[in-house]
Amino acid sequence: MIINKVVKALITSGLFLSFTSYAQTSLISNVSGYSVNDGVLTPFSAIAFEGDKVLKLYGKDEPLPKKESIVYIDGEGQTMLPGLIDAHGHVLSYGLSLMRAQLRGAESESEAVKRVKLFRDAQPELNWVQGRGWNQVLWPSKSFPSAKSLDKIFPDTPVWLIRIDGHAGWANSAAMTLSNINAQTQSPEGGEIIRDASGQPTGVFIDKAMSLISQNIPSLTQTEQRAVLKLSMKELSKLGLTSVHDAGVGNDTLEAYLSLAKAGEMPIRIYAMLDADDRHFSELMKQGPIRLPEHKLDIASVKISADGALGSRGAALIEDYSDQEGNNGLLLYPEGEMAKVMKLAMESGFQVNTHAIGDQANKLVLDNYQDLIKETNTGELRHRVEHAQVLRLEDIPRFAKLNVIASMQATHATSDKNMALDRLGSERIKGAYAWRRLLESGAVIAAGSDFPIESANPFFGLHASVTRQDQQNRPENGWYSSQSMTLTQALNSFTQGAAYAAHQESLIGQLKPGMKADFILVDQDIFAIPASELWQTQVNQTWIDGKRIY
C-alpha cells in the first residue's frame, strides 16, 4: 500500500501550490454565458479570471475594464458554461471501452458476433477478446445470447463481453472451460448462471456470477492502468467534462490515480468512490478520506451495490417482474451485511454512495440510511443513492428528509423506455425515473451518465433530461414527460447539484467570484435552440483552473 506515502509527497512537494498574487488576469468577452448560481440562471457576456479563480462576470451592457495588464480573449460569440460534472461514471472502464469491441447498438446477436470478429481481426495479438455494450432488449428475440454463436467464430480463444449495463456478461465455451465452469458450478449468492433446459450454462452470467469468468482475465499492471486512465480523462475533457465522480475505484486504480496526481498528469478532476468489494476496503477505511490541495483528486466516498440492473432483471423489486413471474431480482448482500459496510464507512468519515435500482433495493438503502445516519450522526456527509431508478412513491420524500442525494442518469430513462414498462407495469412505472417528483419534494439531483454504460457526452444527458426523448425525438411528446426537467434544472444537476454531491459546491459548479475557473465553450446557445437539438452541441474548448486543456 503506497497511498499514505504518495499523499504526503503530494502535499509537501509544492506541486499543487495555489496561484500567487502575481498570476495574470485574463478576460474572455463576446460570449453568451450561462451559469446556474445558487439555483438562479445567470447570463453573462464576459468573464474575468486570475490564475485559477473567477474574478467577475460582466452583463451584456456592462463596460469592460481596459488595462494593459489584462490578457483579452475574444470568445467569438461562442456559448460559455461552467465545466460540466458527471456525478457517476467509470473512468477506467471508459478508457478500456475505447480499446475493446464496441457492441452498443448492435441490433441482433449475430451482428454483435460480427462486430467482435472484426475487432479480433484488427487485434490478432490479444489472448482474451473483450467487448462491451450488447443489449438483448434491442434484438428481435429479446433473449439472452449464448456461447454457441461465439463458438462458431472463436472455438479456442476466450471471449468475454459485458452487457451495456455492466450487470451481465456473455462468455464463449473457451472462456468457460478456462474458468472451470460446467453444469455442476453453483451460482454465487447475489449472482446467477443462466442455464438451458438440461442445466448446462448458456454463457450468460448475471451480477456476482460474472466474477467466475472475469477473475481469470489477467489484471492490468500499474503502468497499463495509468495509461488507460490518462486516455480516458483526456477523452472526457473533449466532451466538456471537467470533473467526474468515479463510481467504484479499487485499491490498484487508486494507486494509479495517486501516481498520476503526483506527476501532475490529472487533466480533469476526479472524485473517487472507493469500491466496497475491494479486498483492501477495511484498510482504506482506516486511512480515512483524502482531499488533495487543488482538488484534482478527492477520495472521500465509497461505492456499495445493493442490487443489479433492470435490463438483466437483476434489479431487486418488492413484487415480481411484470414480464417474468417468480423473479423479483437480486439483492447483492446477505441480510444485514450491507448495513455493516455502510456503518464502517460512515464511522470512518466517508460519504456512502449506494447503487440501488429496484424499489426493494431503494427502500432497503433508505431504511439503512435512516437508522445509520442517526446512529453515526453523519447527516452532514450527504450520503447518496446512485441511480435511484425505481422508487415507491412514498419513498420519494425521504431523500430530502434524510439529506440524501439522488444521483441519477437521465439517459437511462431514454435507453430503458423500450423495456421499463414491460418490466415494471403501469403502477410501479410512476415512481421510475421520477426526476420532477424528486425535485418537487426538495431533493437534490446530481446528474451523470454511468459511462461507458451510456455515452459520456453530457449534452445527451441534458437533452434526455428536458425532452424525455431519444435522439430520433421518440416518443413524440416525451416518455412520461410530466417527469422532465427544465433546462435550468438540468444544467444545475450537471453543475451545482453534482458539485454539492461531492462537497465541492464552494469550489466548482458555478461561475462567480472566488470559484474555480472551470468552464467550457460550445458551438451553440443551448438556451436559444429547440430542446430537440441539445444533444448535437459540440464542445470547442475546455478550461480548468483558468488554463485551456482542450
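# Strand pairing, helix packing and burial

User: Which residue in E21 stands opposite Glu386?

Analyst: In this predicted model, local features need pLDDT of at least 70 and side-chain atom pairs count only at pLDDT 80 or more, while totals for chains, interfaces and linings use all residues. Residues are numbered from 1 along each chain as its sequence is written, and side-chain values use heavy atoms, with hydrogens and water left out. Strand E20 (residues 384-387) and E21 pair in the parallel sense over three bridges; pairing requires at least two bridges found by DSSP, and strands (E, at least two residues) and helices (H or I, at least four) are DSSP runs numbered from the N terminus. In E21, the residue opposite Glu386 is Ser407.

User: Which strands stand at the edges of the open sheet?

Analyst: Six strands form this open sheet, with mixed pairing, in the order E3-E2-E7-E23-E24-E25. Each edge strand has a single partner strand, so one side of it is left without a neighbour in the sheet. The edge strands are E3 (40-44) and E25 (547-548).

User: Which residue in E23 stands opposite Pro82?

Analyst: Strand E7 (residues 79-82) and strand E23 (residues 519-522) run antiparallel. Four bridges join the two. Opposite Pro82 stands Phe519.

User: Are helices H10 and H11 parallel or oblique to each other?

Analyst: The axes of H10 (residues 337-347) and H11 (residues 359-376) come within 10 Å and cross at roughly 40 degrees; axes are lines fitted to C-alpha atoms, for helices over the stretch in contact, and angles run from 0 to 180 degrees between N-to-C directions. Angles under 35 degrees count as roughly parallel, over 145 as roughly antiparallel, 65 to 115 as roughly perpendicular and the rest as oblique. H10 and H11 are therefore oblique.

User: How many residues of the contact of H10 with H11 are nonpolar?

Analyst: Among the residues that meet are Met338, Met342 and Met346 in H10, and Leu364, Val365 and Leu372 in H11; contact means heavy atoms within 4.5 Å. Ala, Val, Leu, Ile, Met, Phe, Trp, Tyr, Cys and Pro count as nonpolar, Asp, Glu, Lys and Arg as charged, and the others, Gly among them, as polar. Two contact residues are polar and three charged, and the nonpolar ones number nine.

User: What is the relative accessible area of Met176?

Analyst: Met176 is found in helix H5 (residues 173-178). Not counting residues up to four places away in sequence, Met176 touches Ala147, Ala171, Ile181, Pro201, Gly203, Phe205 and Ile213. Met176 is buried, with a relative accessible area of 6%.

Notes
Buried < 20%, exposed > 50% of the residue type's maximum accessible area, 1.4 Å probe, protein only.
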